[in-house]
Amino acid sequence: MKYSVFAAGLLGASAALAETPELTVYTYDSFVSDWGPGPAVEAAFEEVCGCDLKLVGAGDGAALLARIKLEGDRSDADVVLGLDTNLTAAARDSGLFAPHSVTADYDLPIAWGDDTFVPYDWGYFAFVHNADAAVPGDFKALAASDTKIVIQDPRSSTPGLGLLMWVKAAYGDEAPAIWDGLSDNIVTVTKGWSEAYGMFLEGEADMVLSYTTSPAYHLIAEEDASKSAASFAEGHYMQVEVAGKLAASDQPELADQFLQFMVSDAFQSIIPTTNWMYPAVTPAGGLPKGFETLITPEKSLLLPADEAAAVRDAALDEWRGALSR
Amino acid sequence: MLKLDRTRIKNGGFTLTADLQIPRGARVAVIGPSGAGKSTLIEAIAGFLPLTSGRVLWEGEDLTDRLPGKRPVAMLFQDGNLFPHLTAAQNVGLGLNPNLRLSDAEHARVQEALTRVGLKGMDSRKPAALSGGQQSRVALARVLVQARDILLLDEPFAALGPALKTEMLDLVSELATETGATLLMVSHDPGDARRIAEQVILVAEGAAHAPQATAELLDNPPPALKAYLG
Amino acid sequence: MARRAQPLSPAAGYGAAALVAALILGTLAAVAFNAETGRGLSAADWAAVRFTLIQASLSALFSVALAVPVARSLARRRFKGRSVLITLLGAPFILPVIVAILGLLAVFGRAGWVSEALALFGLEPLSIYGLHGVVLAHVFFNLPLATRLILQGWQEIPAERFRLAAQLGAGPRAMWQLLEAPMLARVVPGALAVVFAICLSSFAVALTLGGGPRATTIELAIFQAFSFDFDLGRAALLSGLQLVLTALAATLALRTPVGEGFGSGLDRMLRRWDGQNTFAQSLDTFWIVFAGLFLLLPLLAVVLSGLPGVLSLPATVWSAAFASVLVASASTLILLALALPMALAAAQGRPLPMEIAGLLGLAASPLVIGTGLFILIYPVASPFALALPVTALVNAVMALPFALRILVPACRDVVARHRKLALTLDMRGWPFLRRVVLPRLRAQIGFAAGLAAALSMGDLGVIALFADPEVATLPLQVYRLMGAYQMQAAAGAALLLLVLSMGAFWILDRGGRWHAEA
């Protein structure tokens with residue numbers, strides 16, 4: 001008798017364990033790192049969902065999409081978090097994503113009407129420099145100056161691709177001439193953001209391609225006001241980071257719940273000082289102290305997803321052509 | 001009886017034929033001009049060179065397809081008879097068990113053999129710390145514990161001085177008597193042959209001839225041998 | 001006709017080679033079969049192929065050309081700290097790329113030490129970016145390896161030969177003709193092939209030091225095909241091209257017969273009598289100081305920038321360090337299990353297929369191997385669960401060509417020297433391996449194992465494709481820290497990585513030389 005009670009208890013326990021639903025979210029590496037938003041997001045969502053949130057890091061944004069395409073319908077992922085508008089067209093074309101049901105009052109500099117992808121944060125690309133240095137005010141001035149910059153390769157890096165789009169969005173057909181002018185300012189092109197930023201901190205260049213929010217990190221986390229972002233008159237290109245629900249998810253309701261949670265205060269208030277980006281919906285408490293010191297571009301540039309995908313290859317050829325000479 | 005039954009041995013571009021028998025317990029010198037194929041003959045018996053035709057038989061048993069280590073043969077080479085990284089005792093012990101897992105009795109046999117060749121107390125020395133003569137003695141101690149029916153010598157003492165070489169040959173001769181082994185030794189020196197071999201195999205012009213009594217052959221050499229002896 | 005008897009069956013070696021080939025070609029095939037569209041190779045891809053060939057050839061030539069005098073100086077000088085210096089010289093080779101780049105730039109960059117020194121004299125800062133920068137960086141990475149391979153060639157000349165040469169009163173020219181030139185003819189082609197293959201798959205170093213898209217290598221084109229275009233067909237095509245180029249280079253470099261070697265010695269203490277005059281001494285001093293400064297200054301920069309962070313490393317760094325040690329240990333064991341049978345089979349028969357199988361591991365794109373493994377593993381198991389074992393396996397395959405370069409010549413000598421004696425004693429298989437091969441090859445096995453452990457410790461490998469947040473190796477953790485603005489912690493973690501890699505290398509390499517003269 002005793003045994004059967006014990007056995008029933010055991011069965012009950014394992015059944016209860018099995019009933020805790022699990023939501024798997026694929027994201028980029030830095031999101032899940034100890035310094036990223038991952039740990040806090042996981043704790044906050046698990047408090048309200050009665051589920052187990054599993055965050056899986058899979059390289060950077062581009063690798064993330066490649067990964068999902070490789071896994072296809074069989075993927076364990078329910079949600080993919082961390083694509084940006086340069087990737088959403090290709091992501092949509094894969095047919096692996098399902099429309100969302102999220103409603104929110106976004107604080108984005110642009111209107112958002114995408115039915116598949118939900119934005120969770122955004123930022124402007126910018127050249128970061130030492131605060132005491134005199135810096136040019138636009139690309140043409142930069143090209144005319146002897147200011148040295150480090151940039152990232154658009155083929156292997158998100159900011160690199162962002163810069164490509166920035167110049168294209170600001171100058172259109174004039175872009176090759178701009179790149180031509182910039183070629184003697186570019187110290188080198190790196191594979192990823194980390195190499196470039198590291199080189200800048202070592203004094204290898206006067207400016208590095210990063211985000212307008214980078215100085216906020218130094219200011220808030222390190223109490224170091226020595227870094228600034230240069231404001232460019234052409235306006236600054238934006239990066240909008242989004243998440244989407246996979247059509248093959250076995251937890252569609254939970255996935256919807258997560259996406260809705262993502263635009264709530266609980267999630268959004270974590271973003272500024274962990275992901276060092278602007279939250280897509282400004283939380284009730286406002287932005288952390290220090291963010292008010294950041295530059296606000298007068299003009300926000302962003303090519304719509306379809307257009308971005310359409311001009312990408314040609315823009316890359318122009319870039320490569322101008323810098324290979 | 002060791003029998004080479006219509007054997008043809010190919011070594012590079014060179015072919016040697018042999019069709020001969022050696023009685024058990026015999027001591028045979030293999031002589032002939034340089035490059036005539038003395039080593040080829042010995043190596044074929046040891047199993048290092050495959051036969052293109054014919055058979056090698058020991059007491060009626062066919063050895064042709066047996067690996068060198070599976071033949072009733074112990075062999076000493078011109079050089080490299082010892083492993084430089086192993087001690088004298090280990091080098092001898094290999095003759096009992098290639099894996100060197102030796103019983104107490106076998107360890108005792110190794111010591112006995114080293115004592116027998118005059119190397120008592122040198123068991124833990126490595127070859128580099130031994131003289132040339134002592135190295136030869138270690139190799140002979142191993143031959144002793146191997147206790148194979150056939151002992152092949154491919155001029156292992158060529159580098160030793162005349163007195164030392166004679167001493168070694170005498171030791172070989174004694175050991176062969178003690179173990180009853182059949183001895184085949186390549187030699188350049190008719191004196192060596194006269195000293196310990198009662199029979200001689202002449203290797204010349206692509207053939208190994210049947211053994212003949214040593215004195216008889218050396219006293220009345222055929223033309224090929226005569227040219228060699230000078 | 002019976003086959004020539006051998007003390008060891010080559011079957012295990014052929015098996016290991018087949019396994020390596022299956023891993024590399026199988027993953028490549030898996031990627032190719034998953035391809036949907038493909039637009040073939042573009043003009044830009046061909047430009048990448050051209051640049052890759054040029055930079056890899058130049059890098060191999062310069063690395064080996066500089067390694068010869070450095071190895072020669074190290075071979076004939078004995079001085080305090082020589083073995084420490086030799087160990088330290090191996091460090092650049094095992095640094096994570098990102099750390100090495102920053103170390104190099106701290107010395108040779110626009111704001112580096114050399115440029116600062118130049119500025120004192122009112123001179124322009126050094127410009128490191130361009131083809132010369134790529135070659136400089138690759139020489140920095142590969143000079144130590146080439147030096148070690150060639151130094152080993154010198155050390156394999158038995159002491160008896162030097163004694164003979166000294167007795168003959170051989171001067172520098174005669175030494176060169178009698179001993180050095182024949183030895184170099186044996187060792188140099190292999191060293192060239194290895195360095196060429198390493199540089200062929202360079203990506204971040206070539207791009208960063210090359211100064212821009214001019215310096216696009218095949219590996220970067222593969223990366224682009226994957227994550228930018230998601231064109232698996234093109235990725236597979238480029239990766240296949242990379243393999244073919246390596247196989248061609250290996251065939252060219254290694255097809256020449258290796259000659260007779262130097263025969264056997266009796267393990268006597270090595271003493272050198274040559275090169276005692278002042279000119280030779282100053283020349284050797286120059287080369288040793290040159291190599292020391294060139295290789296150790298960037299290392300010093302890494303150490304200096306890491307020191308402030310090393311005492312306050314976050315806990316995740318320590319757990320990543322533990323994972324790295326585990327991976328490195330497993331990888332070293334796998335490597336030896338593959339390399340020893342392959343080296344022995346190569347020593348007893350035709351070496352070229354083994355060498356090529358080994359080099360393919362080096363030239364294969366980690367991205368393609370990783371993705372291919374992912375495609376193969378995904379249907380049957382969670383790739384995450386296998387992240388560490390897969391990393392250990394792939395790292396072992398990457399270290400294989402080095403191990404073969406180190407082991408094959410020594411195996412060949414051991415087999416040539418001891419084959420007949422072993423066969424008459426019926427020492428075949430395990431007894432031959434245990435009693436002859438392993439003791440005779442201690443130094444080489446230690447060196448190969450040390451290199452494999454250090455490489456595996458420092459290599460990012462495929463883990464980036466597989467790892468989930470709980471599993472990270474130390475190099476991955478360095479990247480993650482940098483990606484999170486944690487530059488100081490990253491520098492500290494890099495220093496820890498350097499210490500661990502060097503430690504693993506030192507222990508294994510010394511272990512192999514215990515009781516033997518270095």
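Modeller: Let us begin with the distance between two parts of one chain: taken over C-alpha atoms, the centres of domain 1 and domain 2 of chain B are separated by 25 Å. Domain bounds here come from an automatic or database domain assignment. Please keep in mind that this is a predicted model, in which local features need pLDDT of at least 70 and side-chain atom pairs count only at pLDDT 80 or more, whereas totals for chains, interfaces and linings use all residues. Residues are numbered from 1 along each chain as its sequence is written, while chains are lettered from A and ligands numbered from 1 in the order in which they are written.

Biologist: Into which domains is chain B divided, and how many residues of domain 1 of chain B are in contact with domain 2 of chain B?

Modeller: Domain 1 of chain B is made of 2–72 + 148–229, and domain 2 covers 84–147. Two residues are in contact if their C-beta atoms, placed from the backbone, lie within 7 Å, and on that basis twelve residues of domain 1 of chain B meet ten residues of domain 2 of chain B. With six residues, helix α5 (residues 162–179) of chain B gives the most to the domain 1 side of this contact. Helices (H or I, at least four residues) and strands (E, at least two) are DSSP runs, numbered from the N terminus. The domain 1 side divides into ten nonpolar residues, one polar and one charged, where Ala, Val, Leu, Ile, Met, Phe, Trp, Tyr, Cys and Pro count as nonpolar, Asp, Glu, Lys and Arg as charged, and the others, Gly among them, as polar.

Biologist: What is the radius of gyration of chain B, and what does the secondary structure of chain B come to?

Modeller: Chain B has eight helices and eleven strands. Its radius of gyration is 18 Å, close to the 17 Å that the globule rule gives for 230 residues, so chain B is as compact as a globular protein of that length; the radius is taken over C-alpha atoms, and the rule is 2.2 Å times the number of residues to the power 0.38. Along its principal axes, the C-alpha trace of chain B spans about 50 × 40 × 30 Å. Among contacts in chain B between residues at least 6 apart in sequence, 65% join residues at least 24 apart.

Biologist: How are the domains of chain A divided?

Modeller: In chain A, domain 1 takes 21–122 + 239–292 and domain 2 takes 123–238 + 296–324, and their C-alpha centres lie 25 Å apart. Here 20 residues of domain 1 of chain A are in contact with 19 residues of domain 2 of chain A.

Biologist: At what angle do helix α7 of chain A and helix α13 of chain A pack?

Modeller: Axes are lines fitted to C-alpha atoms, for helices over the stretch in contact, and angles run from 0 to 180 degrees between N-to-C directions. Helix α7 (residues 158–171) and helix α13 (residues 305–324) of chain A pack at an angle of about 100°, with their axes 10 Å apart. That makes α7(A) roughly perpendicular to α13(A), a label for angles of 65 to 115 degrees, whereas angles under 35 degrees count as roughly parallel, over 145 as roughly antiparallel and the rest as oblique. Leu164(A), Met165(A) and Lys168(A) of α7(A) make the contact with residues of α13(A), including Val311(A) and Trp319(A).

Biologist: Which chains have the most contacts between them?

Modeller: Among the two pairs of chains that touch, chains A and C have the most contacts, with 42 residues of chain C meeting 40 residues of chain A. On the chain C side of that contact, α11(C) gives the largest share, six residues. Chain C also touches chain B, through 22 residues from chain C and 26 residues from chain B, and there the largest share of the chain C side, six residues, comes from α17(C). Chain A and chain B do not touch, and their nearest C-alpha atoms are 50 Å apart.

Biologist: Is Arg405(C) buried or exposed?

Modeller: A residue is buried if 20 or more other C-beta atoms lie within 10 Å of its own, exposed if 12 or fewer, and partly exposed in between, with C-beta atoms placed from the backbone. Arg405(C) is in helix α17 of chain C, and it is buried, because 27 other C-beta atoms lie within 10 Å. Not counting residues up to four places away in sequence, Arg405(C) touches Leu149(C), Gly190(C) and Val194(C). Arg405(C) and Gly190(C) are 215 residues apart in sequence, yet 6.7 Å apart in space, C-alpha to C-alpha.
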